Structure formats: C-alpha cells, structure tokens
Amino acid sequence: GVADGVIVSTATTATPNAAARTLLTVPEGVEFKTALFNPRELDGTPFELPPDHVPGAQTISTGEGGRFRIRVTALDGRELVLDGSISPAPGGAVIVFRDVTAEHRREVLNEQYLYALFNSMPIPLTVRDASTNEIISANQAFLDLIGYVLDEIVGAAPPFPFWDPDEDKTTGFEQPGTVVRRVYRRKDGRPLPVEVLSHGIPGD
C-alpha cells in the first residue's frame, strides 16, 4: 500500500486514503474536515479556518500549490508534525503528507543545542543577513559588551544603535575574512574601540 497520506479534495469534500486515515486515526464514515485536527503553525499559532473547511481549499481557489509543515492533533490525541505538498488537480487538489514528528523533534533539539553553544561562547558574536545587513541574533557575550538586550538589536539595520554616531556608516560590511576597526557606543554612552572580523556562512 501507499505509505504516505493522500487526500483528494474538491470544493466540498475530502477523500483520504487508508494511510491518511491511519496517521490521523480517522474512522471510516467520519467526514474529513480540516478543523477536526486543530491545524497550527509550528510555533502553535492556530489557523483561522471555518468548520467546513476542506484540505487544499486555497489551492482549489487559486490553482497554486506548494509545500507545508504544520502541527495537528490526531483524533486519538497524539500531537503530530506533518510535512507535505498540495498540488492542483482537475476539479480540486491532491495533498500528500507524512508524519515527521520525530524528525522535527530532532531538528528542534539540534537548534536548541546549537543556540546554547552559540550563546555560551566567550567571544562576542552577531549573525546578520548578508543581503540586508539586519541583525538576526547575537550571543550573550556581545550583549554584555554593548549593554543592550537582544530584542533591542534583532532586526536592526545600519546604522546600528551600538555604533558611535561619528563612525563611518559605510564600512563594516567588507568581504568575509576582513577586519574592520571601529568604535561601538555602549547603551550607557561609553565608547568602546573594537575590531570586527566578518565570516560568511553558506546557506539561507
């Protein structure tokens, strides 16, 4: 049989295969509606859907498919993470998905470990977006250095709040591997001469 869950939807009905019913513990004869499974973003934010919403309704409406990874609650109470895709089909849509709960849990644990490692390093570090130069994160050593809390600098773009007002605003973003000397300004106003070394990180 087919290991992946498959749902074939029209504007008003959704027909799951045996694997989809097994994954979500849906008995035969129960009408398959999205709201049955309390679908949510990975962070737990619920989707605002009407009770009669069928899986793939947006794709049916727009003709555009895509991938998804969401949280759901199976009818036996198990909390699951589902990964899959939605494709338009004549008169409806086809959804193919699989249970990636264990895989997602491992990814979260890895992220937590890496963040804890990053945050415990004694060298002040920041991570910024290479295209916008916005700050994505900073470790505790960097926050201790400049006297700001993380929320005050995440999302900030040049000129950063910890840059000295008299510093050149055009330097500091040279090619990875270069060293720039500049003056930071702590939140309490004290100047702080620093050397900034940039490194490139492959990927998104």
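At 17% relative accessibility, N133 falls under the 20% limit and therefore counts as buried, and this residue of the predicted model has its place in the loop between β6 (126-128) and β7 (135-138). The phi of N133 is near 65°, a positive value in a residue other than glycine. The briefing below moves from the chain as a whole to its backbone exceptions, its aromatic pairs and one of its pockets.

**Overall form**

- The secondary structure of the protein chain comes to five helices and nine strands, and the elements follow one another from the N terminus in the order β-β-α-α-β-β-β-α-β-β-α-α-β-β.
- For the protein chain the radius of gyration is 24 Å, whereas a compact globule of 204 residues would have one near 17 Å.
- Taken along the principal axes, the box filled by the C-alpha atoms of the protein chain is roughly 70 × 30 × 30 Å.
- Among the 204 residues of the protein chain, 33% count as buried.

**Backbone exceptions**

- Most residues other than glycine have a negative phi, and most peptide bonds are trans.
- T25, although not a glycine, has a positive phi of about 50°, and T25 is found in the loop between α1 (18-24) and α2.
- The relative accessible area of T25 is 28%, which lies between the limits of 20% and 50%, so T25 is partly exposed.
- P158 and P159 are joined by a cis peptide bond with omega about 0°, and P159 lies in the loop between α5 (150-153) and β8 (179-185).

**Aromatic pairs and a charge over a ring**

- A pair of aromatic rings is described by the distance of the centres and the angle of the planes.
- Six aromatic pairs are counted under the rule that ring centres lie within 6.5 Å.
- F160 and W163 form an edge-to-face pair, with 5.1 Å from centre to centre and 80° between the planes, and both F160 and W163 are buried.
- One aromatic cluster is formed by F142, F160, F162, W163 and Y184.
- The ring of W163 also has the charged end of R182 sitting over it, 3.8 Å from the ring centre.

**The second largest pocket**

- Rolling a probe the size of a water molecule over the atoms shows where empty space is left.
- The second largest pocket holds about 620 Å³ of space, and of the 26 residues that line it, P55, G56, F68, I70 and I86 are the closest to its centre.
- The elements that give two or more residues to this lining are α2 (57-62), β3 (66-73), β4 (79-89) and β5 (92-99), with the largest share, five residues, coming from β3.
- By residue class, the lining of the second largest pocket divides into 16 nonpolar, eight polar and two charged residues.

**Residue I60 in helix α2**

- I60 is found in helix α2, and at 25% relative accessibility, a value between 20% and 50%, I60 counts as partly exposed.
- I60 and A20 are 40 residues apart in sequence, and their C-alpha atoms are 20 Å apart in space.

Note on methods. Residues numbered from 1 in each chain as written. Predicted model: local features only at pLDDT ≥ 70, side-chain atom pairs only at ≥ 80, totals over all residues. Heavy atoms only, no water. Phe/Tyr/Trp six-rings, centres within 6.5 Å; stacked < 30°, edge-to-face > 60°. Buried < 20%, exposed > 50% of the residue type's maximum accessible area, 1.4 Å probe, protein only. Lys NZ or Arg CZ within 6 Å of the ring centre and 35° of its normal. 1 Å grid on protein atoms, 1.4 Å probe; cavity = no way out; pocket = protein on both sides within 12 Å on 5 of 7 lines; lining within 4 Å. Points joined across faces, edges and corners; volume = space filled by probe spheres on them. Helix = DSSP H or I, 4+ residues; strand = E, 2+ residues; numbered from the N terminus. Nonpolar A, V, L, I, M, F, W, Y, C, P; charged D, E, K, R; others polar. Rg over C-alpha atoms; globule rule 2.2 N^0.38 Å.
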